[in-house]
Amino acid sequence: MRLLIHGATSLLPPSTGFKEWDKVDIGLSDAFIDFVRSPSELCMDSDGTVLDGTGLIVLPGIVDLHGDAFERQIQPRPETVFSHDIALADTDRQLVANGITTACHGVTFSWEGGLRGREAALAMLRQVVHRHKNFHADHRVHLRFENHHVDGLDDALDWIAQGWIAFVAFNDHLPSIMRKAKKPEKLSAYAERARCDATTFVERMQAAHARSAEVEGVVRRLAAACRQRGIPMASHDDETRADRERYHALEATVSEFPRSSEALAAARDFGSRIVMGAPNVLLGGSHCGSLSATETVRTGMCDILTSDYYYPSLLHAPFRLAYKEDACSLADAWKLVSQHPAETLGLRDRGRIAQGYRADLLLVEAQPGGDVRLVATIAAGKLAYCAEPHRLTTNRLVPLAA
């Protein structure tokens, strides 16, 4: 046994035979949970170390289905671009320091180019696929495919065939970009992100729009490839029932950030998994005028919360929902950031604390008023982050055999 978490109150499934919240010892062997049992006395041994969990809560590691904050590490200012190896190494540290042990990076592949163009997408894919052993968290790719990127279809199909894509979302931001780009300041911002001048950006935008008749075929071919490979799919920013119905027919079973009550109701009617943003919870509402994530949770209409553009939100949102908003219990809120997204990605080895599951665990201190502080992150059985190293016993203690 490599590591024992001793005496912490843990969120446990019924299969363990314990209460939902119970004080236990959790033994980790390699990357997996070896046992969950009642706290025992400790004895000297040569095969393990102990992390004292006294006064702390143990939770399953966070699974982030959609996070694109990594873009700020690559292009923190409009005219600055840093290499993906540096950016992803820093992102990995941010992830585990915020309790995220599985990250599905929202890589936008768009006709825009630049930060969201082909070379940027390839650079990100290469980091995730070929340098995964360098990371603490489990990094995966959520391909956010812009429907009007007709010329990008062959690349997307190739990446899917290579097994590089874990999740696909269909995005259609062209109409809103065309509308917003009429304002000079917005056009300038889009051009900076695309790493081109305003005239070139307008040309790219018009070229994408000119191929609108091809979009339906592109979406169908991409969806067919996902179905063949068993890759889960989502629609993004559904506005109407027809939007959700169209993607449901393609077996895109996830509705990501529905923007209206009509689209939200349609998603529930079709049995879709509904995704909302955790920043929405912390801000008390949507920053762009969409639905309230807190209210969708309160009414049982939200299945998953994602970091969207702010990694810390996933750790804090469940505690806010449970203790400040009284929207649901902490156990149910935590399923939104761990068990449910893991299930949606087909990752049956994580999202719960039980024997045989992947050892992705968080130790947190719940503070008065519903605030929370992360004390330690364990990713695949390894201590990836620790704010209180004095809790780690280095004289190799393990539990006394029952």
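These legends describe close-up views of a predicted model. Local features need pLDDT of at least 70 and side-chain atom pairs count only at pLDDT 80 or more, while totals for chains, interfaces and linings use all residues. Residues are numbered from 1 along each chain as its sequence is written, and side-chain values use heavy atoms, with hydrogens and water left out.

View 1. An open sheet of 8 strands runs in the order 7-8-9-10-11-12-13-14, with parallel pairing. Strand 7 (62-67) and strand 14 (304-306) form its edges. Each has a single partner strand, so one side of each lacks a neighbour in the sheet. On average, neighbouring strands are turned by 25° against each other, direction ignored. Strands (E, at least two residues) and helices (H or I, at least four) are DSSP runs, numbered from the N terminus. Two strands pair if DSSP finds at least two bridges between them. Axes are lines fitted to C-alpha atoms, for helices over the stretch in contact, and angles run from 0 to 180 degrees between N-to-C directions.

**View 2. Strands 10 and 11.** Strand 10 (residues 167-171) pairs with strand 11 in the parallel sense, over 3 bridges. Phe 170 stands opposite Ser 235 in strand 11.

**View 3. The largest cavity.** Rolling a probe the size of a water molecule over the atoms shows where empty space is left. A search of the whole structure finds 1 cavity of 30 Å³ or more. The largest cavity holds about 60 Å³ of space. On a 1 Å grid over the protein atoms alone, a cavity is a set of points where a 1.4 Å probe fits but cannot get out. Lining residues have an atom within 4 Å of a point. Grid points are joined across faces, edges and corners, and a volume is the space filled by probe spheres set on the points. The residues that line the largest cavity include Phe 70, Glu 71, Ile 74, His 84 and Val 107. Thr 108, Leu 115, Ala 120, Ala 121 and Met 124 also line it. Helix 1 (71-74), strand 8 (100-109) and helix 3 each supply at least two lining residues. Helix 3 gives the largest share, 3 residues. By class, the lining divides into 7 nonpolar, 2 polar and 1 charged. Ala, Val, Leu, Ile, Met, Phe, Trp, Tyr, Cys and Pro count as nonpolar, Asp, Glu, Lys and Arg as charged, and the others, Gly among them, as polar.

**View 4. The second largest pocket.** The second largest pocket has a volume of about 310 Å³. Of its 17 lining residues, Arg 140, Gly 163, Trp 164, Ile 165 and Ala 166 are the closest to the centre. A pocket is an open set of points with protein on both sides within 12 Å along at least five of seven lines. Helix 3 (118-130) and strand 9 (138-146) each supply at least two residues of this lining. Strand 9 gives the most, with 4 residues. The lining has 10 nonpolar, 4 polar and 3 charged residues.

**View 5. Salt bridges.** The count comes to 27 salt bridges (a side-chain nitrogen of Lys or Arg within 4 Å of a carboxyl oxygen of Asp or Glu). Arg 211 bridges to Glu 214, with the closest N and O atoms 2.9 Å apart. Arg 211 is partly exposed at 28% relative accessibility, and Glu 214 is partly exposed at 36%. Buried means under 20% relative accessible area, exposed over 50%, and partly exposed in between (1.4 Å probe, protein chains only). Glu 216 forms a salt bridge with Arg 220, the closest N and O atoms being 3.4 Å apart. The two residues are 4 apart in helix 8 (residues 215-229), so about one helical turn separates Glu 216 and Arg 220. Arg 220 is partly exposed, at 48%.

View 6. Arg 246 forms a salt bridge with Asp 243, and their closest N and O atoms are 3.2 Å apart. Both lie in helix 9, 3 residues apart, about one turn of the helix. Arg 246 is partly exposed at 44% relative accessibility, whereas Asp 243 is buried at 17%. Salt bridges that share partners join Asp 138, Arg 140, Asp 349 and Arg 350 into one network.

**View 7. Two positive phi angles.** Asp 237 is not a glycine, yet has a positive phi of about 60°. Asp 237 lies in the loop between strand 11 (233-236) and helix 9 (241-249). Asp 237 is partly exposed, at 21% relative accessibility. Asp 326, also not a glycine, has a positive phi of about 50°. Asp 326 sits in the loop between helix 13 (313-324) and helix 14 (330-335). Asp 326 is exposed, with a relative accessible area of 63%.
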